[in-house]
Structures are given as structure tokens and as C-alpha cells.
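My notes follow the display.

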Amino acid sequence: MLVCKSKSPRREKLGGPGESVRVRWIRCSAVVRLPPPAMDPEGLELERERHVLFLEMMMERLPSDFETQEINHLTLAYFAISGLGILGALDRVDKDQIASWVLSFQAQPRTMSDLDNGQFYGFHGSRTSQFTIDDSEVSSHNCSHLASTYCALAILNMIGYNLSNINSEAILISMRNLQQPDGSFMPIHFGAEKDLRFVYCAAAICFMLNNWTGMDKEKAKEYILHCQSYDGGFGLVPGSESHGGATYCAVAALQLMGFINADISSKPAKSVVVDVPLLVDWSLQRQAADGGFQGRANKPSDTCYAFWVGGVLKILGFYHFLNKGALRRFLLSCQSKYGGFTKFPENMLPDLYHSYYSFAALSLMEEEGLKPLCVELGITAINDNGI
Amino acid sequence: MSSSDDDDERIPFIQRPEWSDVRPVPQDDGPHPIVPIAYHDDFRETMDYFRAVYLADERSRRALDLTTEAIGMNPANYTVWHFRRLVLEALNVDLHEERDFIDEIAVRNSKNYQIWHHRRWVAEKLGPQAADKELEFTMMILALDAKNYHAWSHRQWVLQSLGGWEKELDYCCKLLEDDIFNNSAWNQRYFVITRSPLLGGLQAMRDSEVSYTVEAILANPQNESPWRYLRGLYKGDTDLLVSDNQVSDVCLKVLKTNHNYIFALSLLLDLLCYGFQPSHELKRVVQFLGKTETDSSDANLATTICSILETVDPMRSNYWAWRKNNLPSQVC
């Protein structure tokens with residue numbers, strides 16, 4: 001069951017499988033004798049080793065609280081593996097094992113004519129929706145999902161798997177079934193909410209497979225433009241409130257589709273696709289007085305938006321305008337003594353999601369010891385095989 | 001809300017006579033799972049039975065009950081929800097009952113995408129007669145968290161697809177009365193005035209909305225939301241934004257109070273970049289602030305504004321410095 005390659009004998013002794021990860025964190029922190037974080041945020045350092053340990057724990061076993069997220073099992077794996085990638089610790093995982101596990105989630109059409117049946121042949125989110133009892137059952141219970149497919153390809157990409165080995169034609173041809181007349185995407189063939197998150201996933205999938213036959217880019221762009229709000233940010237659907245995550249999905253998708261010029265900051269007024277000056281103004285305004293980023297106006301700062309909104313500014317070429325010192329202090333005030341990061345400074349326990357986006361945010365800031373990100377893909381490395 | 005009691009009394013499926021004919025289908029995690037989850041026994045068993053009925057495509061009453069249990073433990077599992085919809089259709093279940101079921105579970109799962117999607121599916125089937133109930137439901141969720149993104153999305157969908165616009169502007173007013181900093185309510189207000197078929201659109205609403213917004217700004221000039229809303233009222237019409245005295249007037253009024261003037265300066269800067277010709281009074285007020293906050297006094301107005309903002313808005317001082325160096329050549 002153990003995934004990590006290099007396991008210290010010391011950690012082998014820690015608790016049986018029934019022991020909660022929380023307890024293990026505490027014990028681990030004690031065992032490796034890491035100093036408690038300093039109280040003065042000015043003196044805070046990124047506790048890299050502690051974070052690696054935290055993610056290794058997650059790789060080994062997720063506590064039962066994660067049951068309610070089991071349908072996004074590949075996404076949970078993405079956070080852990082990509083987190084280790086940012087921390088420069090991918091040497092600690094067994095890449096072949098990961099590749100075969102990820103590939104086992106792919107839905108395969110029986111014949112190429114299946115690709116016209118309206119279903120999407122991507123990756124399942126978890127085993128609960130995937131059945132391999134006999135071959136005839138597989139395709140009638142296809143629950144593959146755009147977000148899981150994005151996560152699968154992102155993981156494979158970052159561990160150096162050659163993406164040309166994948167049946168990408170099946171993914172791309174069938175993905176067209178998910179695009180709606182208004183340009184948006186639904187994530188799964190039997191229907192679910194349609195919004196910018198899945199436009200982003202579709203664009204990232206096409207980009208990673210280096211093949212844009214999977215979507216109508218012009219339509220997707222139209223949809224994205226309709227989501228820009230009166231204040232310059234983007235909502236998840238047309239008419240909804242500007243939101244840091246939605247704005248990232250919009251801007252990163254436009255970037256992946258090639259609609260944003262690299263030199264946009266030198267002549268923002270000439271941008272033809274988005275109201276860039278208003279977007280930049282809105283994005284910079286999200287840095288609050290405590291140095292952190294909020295996802296929406298008049299909401300508290302939350303670690304993950306340092307990536308979502310910071311990423312938008314990075315893509316647009318305006319990242320150097322934010323107050324890096326203040327942001328770094330905010331993020332490090334959310335560093336947990338158990339490893340990982342919390343959502344808010346007042347929280348005690350870290351979670352995988354906010355940990356991952358804190359690592360990503362610190363990488364954007366070029367924090368020492370962290371690998372650089374490909375910001376629009378949300379992962380570290382772009383390997384030479386797939387892209 | 002007796003869910004925790006139910007959990008305590010839960011009888012495993014294996015001991016339930018009505019399920020004795022079903023062979024559970026265990027989850028096949030394969031030889032080397034990554035990030036394995038430490039499932040509880042109850043969770044695992046429920047999903048094993050779910051897999052069995054799903055594979056057998058058994059669209060029965062007990063299958064429906066099983067999905068209720070599975071959703072209680074695993075509300076994000078879209079496969080379970082999908083199968084539930086198939087069963088609901090096959091059994092021709094009264095969807096009003098289904099709506100009651102969602103009412104019950106939504107409060108403690110109000111940020112779960114699948115539940116909201118299911119709610120929409122039910123409301124869509126019930127049609128326009130469901131509009132009032134849906135608006136009431138979102139009001140109930142928004143009373144607990146006035147910024148719940150899912151509830152707002154659902155509400156906007158209801159208005160556009162099923163109707164019920166009549167009292168929406170009043171509702172926005174009420175929420176803004178409760179909390180004038182609620183940006184979600186400002187956004188909804190914009191949604192209503194631009195999209196309601198009853199109000200005549202942005203142009204027809206602009207004057208009264210500008211008055212409302214100016215009042216909100218003067219009460220709390222540090223509140224970003226009404227400033228953005230004010231600009232939104234002139235979306236696509238920069239000339240009108242520049243020429244409408246109400247806009248520069250509210251900037252002047254806030255600047256004269258001598259505090260919380262960052263948003264006023266920021267808007268004034270944009271007005272100047274669009275060709276606005278400032279009054280002597282406005283120049284004097286800004287230059288007075290410039291003398292207090294910075295060393296510059298001989299520069300043009302836009303430059304002075306940038307210099308003040310560099311000092312009083314430390315999170316964005318690099319940005320204001322860049323703006324200062326990239327002002328349009330004709331700016332005042």
C-alpha cells in the first residue's frame with residue numbers, strides 16, 4: 001500500500017493504518033524535531049522539509065474525512081504529486097506506479113464508432129464510478145469527467161510520461177460532445193453544471209495533448225468574454241459575481257488558446273479580447289490590507305487566491321506590481337506547524353487544497369527552493385514529450 | 001435534524017433482509033493505489049451496494065432509498081446523483097417530494113455543486129410554477145450566508161429561466177441595507193437592472209441607480225463595491241462617464257472629507273486618462289492632498305494623483321508608479 005519510495009525507518013514505526021493522519025503529523029513533527037514556527041512573521045521561513053513530509057503522508061493514506069471527496073480522487077492525487085513537484089521532491093515517488101495508476105482511470109471506447117455516441121472518453125474521477133467487471137459493461141457506465149481528465153494529464157505530464165502514448169484521439173473527438181452551443185463545457189456526458197472551470201479544463205487538455213480538435217476555440221472565447229463582469233473580473237457564468245478562481249480559469253484558458261499577447265502590459269489598451277486595464281485594476285485590488293489576496297471584493301483573504309489572482313497577474317505581465325513582501329508574510333502566517341498551509345491565518349489544521357495553492361503561490365513569487373510553475377497549466381514541469 | 005441519530009442506528013446492508021438477494025460489488029482499488037482513502041466501513045459497504053444496483057440498473061424504490069443513503073455520506077458523487085435521476089424518472093416520483101429531500105440536505109451541504117445541479121434539474125422539470133419556491137429557498141440559504149456563490153447562481157438561473165423578477169430589486173435593497181459591503185448583493189443589483197425584463201435596462205435605470213450609489217459611497221467611501229458599481233453603470237459609454245458631473249462630484253465630495261479617498265483618486269485618475277477636464281476646485285483639493293502626502297506640487301493633476309496613491313496605497317505603490325510613468329500624453 002505504501003507509495004513513497006524512500007521511507008525512513010523512523011517513520012515506519014509511526015502508528016498503524018487506523019491512526020489518524022492528524023496524530024501522525026503531530027508525531028512526525030515531534031520525531032523530526034523541527035523547530036516550532038516563529039511567532040514574528042517577519043522571521044518566518046518556508047519549512048520545506050516539513051511540507052514534503054506532509055505531502056508524503058497524504059500520498060501514503062488520506063484520512064477518512066476525504067471520503068466525501070473520493071469522486072475527485074485523481075484531483076487529490078494531483079494536489080499531492082504536483083505539490084511534491086513544486087517542492088522539488090518528485091524523486092520521492094515511484095513514477096511508474098503513479099503512471100499505471102493514473103492510466104487505469106481512462107475510459108476506452110470499444111471501437112472508434114463509439115466516439116459518436118455522445119459520451120466523453122476521458123478519465124474517471126475515482127473507482128466508485130468505474131467498473132471493470134467485463135468489457136461490455138465498461139462503456140455503458142462511462143463517468144469520465146473533464147476535471148479528472150485535466151488532473152490525469154497534468155500528473156502524467158509532470159512525472160515525465162510520454163503523452164503521445166495515450167489514445168488522445170478518443171479524448172479529443174469525444175470531448176467535442178461536451179461543448180455547448182454557447183461555448184461553455186459540461187464536465188460529463190450525462191450533464192452537470194456548465195461554467196468557466198470546464199472551459200479551462202478543456203483548453204488545458206487540448207494544450208497538453210497539443211491538439212485543438214477537441215474544442216471550438218472561438219466559441220469558447222465568446223463564452224469567456226460574456227463572463228467578464230462590470231468590475232473587470234470574471235464570474236463563473238455570465239452575470240455572476242467576479243471571483244478569483246473564475247478569473248484565473250478565464251485568463252488562463254485565453255492564454256492557452258493563444259488569445260492573449262505576451263506583451264499585453266506594454267499596450268493594454270490594444271487588447272482586443274478583454275478589458276485588460278479594468279481586469280488588472282480589479283486583480284490588484286484583491287490584495288487586501290493584511291497582504292493576502294481575497295477572491296471577491298469585501299471578503300477575507302484566503303491563501304488559495306494568492307495563486308488564482310496572482311496567476312492572473314502573472315499571465316497578464318503585471319505580477320511585479322503586487323506587494324510581494326506583504327503577500328509572503330500573509331502566506332507564511334498560514335503555514336501550519338504540521339506541514340502544509342491553512343486557508344486563513346487563524347486556522348489550526350492544514351488542508352491539501354490550500355497547501356497546494358500556497359506552494360504554487362510561493363513558487364510564483366520565486367521563493368527559494370521551489371520549482372517554477374507553468375502558471376496557465378497549474379503545474380511545474382512541461383515535459384518535452386507531450387508538449 | 002436527526003442525521004447523527006440515524007448514523008448511530010444504521011443497520012449494515014448485509015443484515016437487512018430486503019437486501020439479501022443482492023451481492024455487493026467491492027471497490028477495486030488495484031494493486032498500488034495512490035493517495036488511498038481510509039474509508040469507514042459504513043461508507044465502503046454503502047458504496048458496494050450502490051455499485052451493485054447501479055450495475056444491475058435496478059430502478060426500484062429500494063434503489064432510490066439506497067441513493068438517499070449514499071448521498072448522505074457522499075454528496076459530491078455525481079454518479080450516484082445521475083443514477084438517482086434515472087430512478088426518479090423510472091418510478092415517476094412526485095418531484096415536489098424530491099424538492100423536500102433537497103431542502104433537507106442542502107443546508108448542511110450548501111456549497112456542494114452536485115446538490116445545486118440536482119435542484120436545478122428538479123426545478124426545470126417543475127417549470128415556472130416552481131419559481132417562487134426556488135427564490136424562497138435561495139433566500140433561506142442566503143440568510144445563512146449572504147455571499148453563497150451557488151445560491152446566487154441558482155437564483156440568477158431561476159430568474160432567467162422561470163421568472164419571478166418582480167421583487168428582485170427590493171430584495172437587493174434589503175440585503176444591502178443589512179450589509180452595504182456585500183459585493184454579491186451589488187452584483188445581483190447590477191444583474192437585475194441590466195437584465196430584468198420589467199425595468200427597461202441600464203439606460204432607463206441609470207439616473208436613479210447613480211443617486212443610490214452616490215449615497216452609498218458617501219456613507220462609506222472605503223467600500224469598494226459601490227465605486228465599481230458606479231463605473232459599471234457607464235459600461236460601454238466612457239464619454240458619458242467622463243461628462244456626467246455626478247461622477248466627478250462624488251470624487252470631489254469624498255476628497256474634501258480628507259480621508260478614505262483612495263477609490264475616489266483612482267476613479268479620478270481614470271477620468272483624467274479618458275480626457276476629463278477638472279474644475280479649479282478639484283485641482284485645488286487634490287493639490288492640497290498632494291502637499292500633505294508627497295513632495296510633488298508642480299506636476300500635472302494625474303501625476304500628483306499617482307504620487308499620492310503611491311504613498312497612501314502601499315499594497316499597490318508599484319502599480320501607481322507605473323501608471324504615473326505611462327500617462328497618456330494629453331492628460332491634465
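I started with Arg61(B), which is partly exposed with a relative accessible area of 47% (buried means under 20%, exposed over 50%, partly exposed in between, with a 1.4 Å probe and protein chains only). Asp65(B) counts as partly exposed too, at 38% relative accessibility. Arg61(B) forms a salt bridge with Asp65(B), and the closest N and O atoms are 4.0 Å apart. The rule I used asks for a side-chain nitrogen of Lys or Arg within 4 Å of a carboxyl oxygen of Asp or Glu. Both residues sit in helix H3 (residues 61-73) of chain B, 4 residues apart, about one turn of the helix. Helices here are DSSP runs (H or I, at least four residues), strands are E runs of at least two, and numbering goes from the N terminus.

Next I looked up Asp313(B) and Arg316(B), whose side chains meet in a salt bridge at 2.9 Å, N to O. Asp313(B) is buried, and so is Arg316(B). I also noted one network in which salt bridges that share partners join Arg10(B), Arg16(B), Asp42(B), Glu45(B) and Glu69(B).

**Ground rules**

I am working on a predicted model, where local features need pLDDT of at least 70, side-chain atom pairs count only at pLDDT 80 or more, and totals for chains, interfaces and linings use all residues. Residues are numbered from 1 along each chain as its sequence is written, chains are lettered from A and ligands numbered from 1 in the order in which they are written, and side-chain values use heavy atoms, with hydrogens and water left out.

**Chain A**

I counted 15 helices and 0 strands in chain A. Of its 387 residues, 64% are buried. Chain A exposes about 13600 Å², with 51% supplied by carbon and sulfur atoms (Shrake-Rupley method, 1.4 Å probe).

The structure holds 36 salt bridges over all chains. I picked Asp302(A) and Lys343(A), whose side chains meet at 3.7 Å, N to O. Asp302(A) lies in the loop between H12 and helix H13 (304-316) of chain A and Lys343(A) in the loop between helix H14 (324-333) and helix H15 (352-364), so this pair ties together parts that are 41 residues apart in sequence. Asp302(A) counts as buried at 5% relative accessibility, while Lys343(A) counts as partly exposed at 30%.

**Where A meets B**

I found 76 residues of chain A in contact with 58 residues of chain B (contact means heavy atoms within 4.5 Å). The two chains bury about 6100 Å² between them, 57% of it on carbon and sulfur atoms; this is the accessible area (1.4 Å probe) lost on being put together, summed over both parts. The rule finds 2 salt bridges across this interface. One of them joins the side chains of Asp281(A) and Arg228(B) at 3.0 Å, N to O. H12(A) gives the most to the side of chain A that touches chain B, with 6 residues.

**Helix H10 of chain B**

Is H10(B) enclosed or open? I found 11 of its 13 residues buried, so H10(B) is largely enclosed by the rest of the structure. Among those buried residues are Trp186(B), Arg189(B), Tyr190(B) and Phe191(B). The cover includes helix H8 (149-161), helix H9 (168-178), helix H11 (201-219) and helix H12 (224-232) of chain B.
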